[in-house]
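Dear colleague,

I am handing over the structure we spoke about, and below it you will find my notes on what was found. Please read them alongside the coordinates.

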Amino acid sequence: MPHAPTTLVILGASGDLTRRLLLPGLGTLLSVEPERAVRVVGADRVELSDEDWSTRVGEAFAEAELDEAAAGPVVEETRYVRTDALDEGQLRALLDQVEAPLVLYFALPPSVTVQVCALLERIGVPRGTRLALEKPFGNDLDTARELNRQLLRVVPEDDIFRIDHFLGVNTILNLVGLRFANRLLQPIWSRDHIEKVEILYDETLALEGRAGYYDGAGALMDMLQSHLLQILAFFAMEAPATMDAKEVRSLKAQVLRAVHPWRHDPVASSRRARYTAGTLEGREVPDYAAEEGVDPSRGTETLAELVVQLDNARWADVPFVLRSGKALGQARKEVVVTFRPPAHVPTGLQDTDANDRLVLELKPGAVVLDLSMNAEGDPFVLEQKELQAQLGKARMLPYGEILGAILDGDPLLTIRGDEAEELWRIVEPVLEAWRDGKVELEEYAAGSDGPEGWGTVPG
Ligand SMILES: NC(=O)C1=CN([C@@H]2O[C@H](COP(=O)(O)OP(=O)(O)OC[C@H]3O[C@@H](n4cnc5c(N)ncnc54)[C@H](OP(=O)(O)O)[C@@H]3O)[C@@H](O)[C@H]2O)C=CC1
Ligand SMILES: O=C1O[C@H](COP(=O)(O)O)[C@@H](O)[C@H](O)[C@H]1O
């Protein structure tokens, strides 16, 4: 059965997200599911002809290697409507000329999104309209709550899709299969067997011209408060009975409610740093503070670490180290699970003294298990051996998975309102401590491994 045609209205159609992620994502969705009936309408305040716009859509689809047969009808039918989304008359006119059912995708600066939502409260939207929003969802707990209330005055919660593209990443979704679809890991997934969990997303990318957004956010808000806590939620949640959105999102929210800075001490549990000039992959990277658009007095961090604890029976006293940063010498995007030592190693075997570890490499995808065993040479001397599985290429880009779910009206791969609030609740004490200057802003040279001594769990 073909899906009913849906109109995807992209507000902010001329922006970076639309060009680099959204349209190529849609292209990969259509290449896997060419029978999908979707009309695309671009809206932005810049003057563009229908032809210019359809060329952009066509180029993005070509980038996604979508074949002509699937791309053609969407590219031919797509339209562009010049719209200042903050002008009530123009917004009304846009909504009047697009055919329901609608997905309104806010690819706008977040402050503009909030104002457009206020207009939509007055204008109203056709019944069944879905709203797709990009992070950040508010700037703090209060504004996140206010945004949630405002959105609910426009559409019901099930029609609000708060995007976190990590939820469309196959290696992250693999956490669910890895944990719950075999007999091996599920019984040992708790404080009884796991000593420490590290969720790391070190990037070699530097600022890449994104000062306008990034300098107001920093690594903690950009990555930890959103993506890394979502990974944590999948890692630590209880077993879902089904992959139904209500079930999975409730279990994720339950975990997030238990998360707090380690020992409830936001100062000792967090670290922040900013990169200085350095050489990275053969190119010179300027000092972050000297980049165009950066206000050095803001003290924005480009590397953040936060150790959290989960106040529940399964995870009590297990430190979860979350770290992400930019301009690091080596990309390291992985979840590292360190197991407790065995209760007893037979006397007569020479132990390795190394803990067993499970490493989930997120990009490219792999699962690596470091296990102590009798390996080669002297059979009484134990060694660590690596068991490894490479995960195949994803069938589509993360934005393709997410758009597919939104077009189906399935909120599984998006964030529920209460989750969005919890994410802010967790980091707020840390942000406050940083604002009050209680945690030093350290420095590291671009291309280095970051400052010394990170990754240790405070006593
Ligand atoms: N870019 C990225 O890699 C990612 C972005 N995001 C999120 O996506 C959203 C968009 O970001 P991004 O694409 O980078 O931002 P951009 O500034 O590149 O794009 C926003 C677009 O919205 C347009 N716009 C601004 N005001 C209005 C208005 N009143 N009416 C109509 N159009 C308007 C802008 O036009 P003009 O240029 O004239 O201002 C611009 O074309 C943000 O929430 C961001 O956090 C999330 C993940 C990744
Ligand atoms: O949302 C964001 O994510 C990217 C990292 O995700 P990836 O899928 O591109 O690896 C990060 O670089 C960016 O700063 C952040 O806004």
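Helices α1 (16–32) and α5 (110–123) each supply at least two residues of the shell around ligand 1, where helices are DSSP runs of H or I with at least four residues, strands are runs of E with at least two, and both are numbered from the N terminus. This is a predicted model, in which local features need pLDDT of at least 70 and side-chain atom pairs count only at pLDDT 80 or more, while totals for chains, interfaces and linings use all residues. Residues are numbered from 1 along each chain as its sequence is written, and chains are lettered from A and ligands numbered from 1 in the order in which they are written.

In total, 21 residues surround ligand 1 (C-beta atom, placed from the backbone, within 6 Å), and the closest are Gly12, Gly15, Asp16, Leu17 and Glu134.

Turning to helix α3 (residues 68–77), its buried residues are Ala71, Val74 and Val75, buried meaning that 20 or more other C-beta atoms lie within 10 Å of the residue's own, and exposed that 12 or fewer do, with C-beta atoms placed from the backbone. These three cover an arc of only 100 degrees around the axis (taken from the directions from the helix axis to the C-beta atoms), which puts them on the same side of α3. On the other side of α3, Ala69 and Glu76 are exposed.

The domain assignment, whose bounds come from an automatic or database source, gives domain 1 (6–134) and domain 2 (167–395 + 411–445), and their C-alpha centres lie 33 Å apart.

Best regards
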